[in-house]
Amino acid sequence: MNSKMKAAQISKPGGDWELIERDIPDPGAGQVRVKVEACGICHSDALVKEGLWPGLQYPRVPGHEIAGRIDALGDNVTAWTIGQRVGVGWRLAWRTLFCVRAMPAR
Ligand SMILES: [Zn+2]
(Lines give C-alpha, C1' and ligand atoms only; values in the text may rest on other atoms or scores of the structure.)
Protein backbone atom coordinates (compact mmCIF):
# COMPACT_ATOMS: atom_id res chain seq x y z
CA MET A 1 0.00 0.00 0.00
CA ASN A 2 1.08 3.55 -0.72
CA SER A 3 2.49 5.20 2.43
CA LYS A 4 1.71 8.74 1.29
CA MET A 5 -1.53 10.59 0.67
CA LYS A 6 -2.28 13.83 -1.15
CA ALA A 7 -3.84 16.79 0.60
CA ALA A 8 -4.75 20.35 -0.37
CA GLN A 9 -3.16 22.61 2.21
CA ILE A 10 -3.31 26.28 3.11
CA SER A 11 0.07 27.40 4.50
CA LYS A 12 -0.96 30.81 5.79
CA PRO A 13 -4.13 32.84 6.26
CA GLY A 14 -5.28 34.01 2.82
CA GLY A 15 -2.78 31.72 1.11
CA ASP A 16 -3.35 29.68 -2.04
CA TRP A 17 -4.16 25.97 -2.14
CA GLU A 18 -1.03 23.80 -2.29
CA LEU A 19 -1.08 20.12 -3.24
CA ILE A 20 1.15 18.30 -0.76
CA GLU A 21 1.91 14.75 0.35
CA ARG A 22 1.66 13.51 3.90
CA ASP A 23 2.31 10.20 5.56
CA ILE A 24 -0.83 8.07 5.85
CA PRO A 25 -1.55 7.66 9.56
CA ASP A 26 -2.47 4.36 11.18
CA PRO A 27 -5.75 4.41 13.10
CA GLY A 28 -5.46 4.28 16.88
CA ALA A 29 -7.51 2.12 19.20
CA GLY A 30 -11.21 2.66 18.62
CA GLN A 31 -10.60 4.48 15.33
CA VAL A 32 -10.99 3.67 11.67
CA ARG A 33 -9.10 5.13 8.74
CA VAL A 34 -11.18 6.36 5.79
CA LYS A 35 -9.80 6.63 2.28
CA VAL A 36 -11.50 9.82 1.11
CA GLU A 37 -13.30 9.57 -2.24
CA ALA A 38 -15.10 12.92 -2.09
CA CYS A 39 -14.67 16.02 0.06
CA GLY A 40 -16.96 18.99 0.40
CA ILE A 41 -15.70 22.50 0.93
CA CYS A 42 -18.11 24.57 2.97
CA HIS A 43 -18.31 28.11 4.26
CA SER A 44 -16.26 27.32 7.38
CA ASP A 45 -13.48 25.99 5.13
CA ALA A 46 -13.57 29.29 3.24
CA LEU A 47 -13.16 31.11 6.57
CA VAL A 48 -10.16 28.90 7.36
CA LYS A 49 -8.61 29.55 3.95
CA GLU A 50 -8.99 33.30 4.29
CA GLY A 51 -7.77 33.38 7.90
CA LEU A 52 -11.06 34.64 9.29
CA TRP A 53 -11.45 31.92 11.92
CA PRO A 54 -9.75 33.15 15.11
CA GLY A 55 -7.09 31.10 16.84
CA LEU A 56 -6.22 28.66 14.05
CA GLN A 57 -2.68 27.54 13.43
CA TYR A 58 -1.35 27.01 9.93
CA PRO A 59 -0.63 25.08 7.78
CA ARG A 60 -4.13 23.54 7.67
CA VAL A 61 -5.94 21.12 5.39
CA PRO A 62 -9.54 22.35 5.07
CA GLY A 63 -12.32 19.95 4.13
CA HIS A 64 -14.05 18.26 7.04
CA GLU A 65 -17.09 16.74 5.32
CA ILE A 66 -16.09 13.63 3.44
CA ALA A 67 -17.28 10.36 1.95
CA GLY A 68 -15.10 7.33 1.39
CA ARG A 69 -14.34 3.77 2.37
CA ILE A 70 -12.84 2.37 5.52
CA ASP A 71 -9.40 1.00 4.64
CA ALA A 72 -7.96 0.21 8.08
CA LEU A 73 -9.29 -0.61 11.54
CA GLY A 74 -7.71 0.27 14.85
CA ASP A 75 -7.68 -2.08 17.82
CA ASN A 76 -11.02 -2.81 19.45
CA VAL A 77 -13.12 -1.78 16.45
CA THR A 78 -15.89 -4.31 15.89
CA ALA A 79 -18.78 -2.31 14.43
CA TRP A 80 -17.03 -1.43 11.17
CA THR A 81 -15.41 -3.41 8.39
CA ILE A 82 -12.75 -2.67 5.81
CA GLY A 83 -14.35 -1.61 2.53
CA GLN A 84 -17.48 -0.19 4.18
CA ARG A 85 -18.69 3.11 2.68
CA VAL A 86 -18.97 5.95 5.20
CA GLY A 87 -19.61 9.65 5.32
CA VAL A 88 -18.38 12.14 7.91
CA GLY A 89 -20.43 15.27 8.52
CA TRP A 90 -19.59 18.57 10.10
CA ARG A 91 -20.63 17.62 13.65
CA LEU A 92 -17.99 14.93 13.90
CA ALA A 93 -15.41 16.33 11.61
CA TRP A 94 -14.04 18.95 13.97
CA ARG A 95 -13.30 16.13 16.39
CA THR A 96 -11.45 13.87 14.03
CA LEU A 97 -11.58 12.69 10.46
CA PHE A 98 -11.17 9.15 11.68
CA CYS A 99 -14.01 9.06 14.20
CA VAL A 100 -15.65 5.65 14.54
CA ARG A 101 -19.04 7.33 14.76
CA ALA A 102 -19.00 8.08 11.05
CA MET A 103 -22.34 7.31 9.45
CA PRO A 104 -22.61 4.34 7.06
CA ALA A 105 -23.27 5.50 3.51
CA ARG A 106 -26.27 4.09 1.64
ZN1 LIG B 1 -18.51 22.33 7.00
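Student: Before we start, what counts as a helix or a strand here?
Tutor: Helices are DSSP runs of H or I with at least four residues, strands are E runs with at least two, and both are numbered from the N terminus. Read that way along the sequence, the protein chain of this predicted model goes β-β-β-α-β-β-α-β.

Student: Nice. How many helices and strands is that?
Tutor: Two helices and six strands.

Student: And which element has the lowest mean pLDDT?
Tutor: That would be strand 6, residues 103–104, with a mean of 48, while strand 2 has the highest at 95. Over residues 93–106 the pLDDT is below 50, though this stretch still has 35 contacts in the model beyond near neighbours in sequence.

Student: What about the mean for the protein chain?
Tutor: The mean pLDDT is 86, and 84% of the residues reach 70 or more.

Student: OK, strand 2 then. How does strand 1 pair with strand 2?
Tutor: Strand 1 (residues 4–10) and strand 2 (residues 17–23) run antiparallel, with seven bridges. As one example, K4 has D23 in strand 2 as its bridge partner.

Student: Which residue other than glycine has a positive phi?
Tutor: N76 is one, with phi near 65°. N76 lies in the loop between strand 4 and strand 5 (85–88).

Student: Is N76 buried or exposed, and why?
Tutor: Exposed, because N76 has 10 C-beta neighbours inside 10 Å and the cut-off for exposed is 12 or fewer.

Student: Switching topic: which peptide bond is cis?
Tutor: The one from Y58 to P59, with omega near 5°. P59 belongs to the loop between helix 1 (43–50) and strand 4 (65–73).

Student: And where is I41?
Tutor: I41 is in the loop that links strand 3 (32–40) to helix 1. Setting aside neighbours within four places in sequence, I41 is in contact with P62 and G63. I41 and I66 are 25 residues apart in sequence, yet their C-alpha atoms are 9.2 Å apart.

Student: Why does I41 come out as partly exposed?
Tutor: Because I41 has 15 other C-beta atoms within 10 Å, and buried needs 20 or more.

Student: Last one: what share of the protein chain is buried?
Tutor: Of its 106 residues, 11% count as buried. On contacts, 53% of those with a separation of 6 or more join residues 24 or more positions apart.

Key:
Residues numbered from 1 in each chain as written. Predicted model: local features only at pLDDT ≥ 70, side-chain atom pairs only at ≥ 80, totals over all residues. Contact = placed C-beta atoms within 7 Å. Pairing = 2+ DSSP bridges. pLDDT = per-residue confidence, 0-100.
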